[in-house]
Amino acid sequence: MIATASAVAFVVFSCSSERGSEKMNMDEIPLQTVDNMFTVQTRNGRMQSRMEAAKMQHFENDSLKTDLFPDGFAVYSYAEDGRLETILLSDRARHITYKRREGEIWEVTGNVSIQNTIKQETIETDTLFWDQKSHEIYTDSYIRMYSRDGFMQGYGMRSDDKAREAMLMRPFNNSFVVVKDTTVIIVDSVNFIGPFLEK
């Protein structure tokens, strides 16, 4: 009986010490963690996109839901004919869904690369936002754009979410390859009608 009372007194004393127990902030603790995530989105049996991430952490509070991807993020989007069209890669990503209003937004950061494999164009930046409701990707950060026609750089970019029509907002120091007229003229030397060269 005496041993039990002293043990209880010890527990009470340790809990009421100066250090005390720290309060847990539930907003900082993920409700769900998924390793090696792989998701596929289809419409009418056709592949639209697939997403891969080494880790996803799901957080939730009164106003929004947040999915964090701290160890890398990749999205592969497909054209209507089934070809792989766009590849988005980044070091980190965050997906926010608002509870009290309609809408969701993606923020990808760290070595962001968007490749349009059909147009053979690449966009590189450090931070990019993707608004799924408006099907738009955008940033105000420094941008590098590479294509078959040359190199562009500047600040700010707006595009559709397939990176088909990317527009650089404030370009500077760009270089282009000027392609000459590619018209092919075929001359039929047997049935040629016209002036002959002087001998």
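Ala, Val, Leu, Ile, Met, Phe, Trp, Tyr, Cys and Pro count here as nonpolar, Asp, Glu, Lys and Arg as charged, and the others, Gly among them, as polar.

**View 1. Classes of residue in the lining of the largest pocket.** The model is predicted. By those classes, the pocket lining holds 11 nonpolar, nine polar and seven charged residues. The volume of this largest pocket is about 780 Å³.

**View 2. The centre of the largest pocket.** The lining is made up of 27 residues. Nearest the pocket centre lie Gln-41, Gln-48, Ser-49, Trp-130 and Gln-132. Two or more lining residues come from each of S1, strand S2 (46–60), strand S4 (73–78), strand S5 (84–90) and strand S7 (104–116). S2 gives the largest share, six residues.

**View 3. A nonpolar patch on the surface.** Phe-38, Val-40 and Met-47 make up this patch. Together they have about 270 Å² of accessible area. Val-40 sits in strand S1, which spans residues 32–43.

View 4. Buried would need under 20%, and exposed over 50%.

**View 5. The chain as a whole.** The chain has one helix and 12 strands. Of the 199 residues, 28% count as buried.

Conventions. Residues are numbered from 1 along each chain as its sequence is written. This is a predicted model: local features need pLDDT of at least 70, side-chain atom pairs count only at pLDDT 80 or more; totals for chains, interfaces and linings use all residues. Side-chain values use heavy atoms; hydrogens and water are left out. Patches are made of residues with over 30% relative accessible area and no salt bridge: like charges are joined within 9 Å, nonpolar side chains (Val, Leu, Ile, Met, Phe, Trp, Tyr) within 5 Å. Accessible areas come from the Shrake-Rupley method with a 1.4 Å probe; for residues, only the protein chains shown count as cover. A salt bridge is a side-chain nitrogen of Lys or Arg within 4 Å of a carboxyl oxygen of Asp or Glu. Helices (H or I, at least four residues) and strands (E, at least two) are DSSP runs, numbered from the N terminus. On a 1 Å grid over the protein atoms alone, a cavity is a set of points where a 1.4 Å probe fits but cannot get out, and a pocket is an open set with protein on both sides within 12 Å along at least five of seven lines; lining residues have an atom within 4 Å of a point. Grid points are joined across faces, edges and corners, and a volume is the space filled by probe spheres set on the points. Buried means under 20% relative accessible area, exposed over 50%, partly exposed in between (1.4 Å probe, protein chains only).
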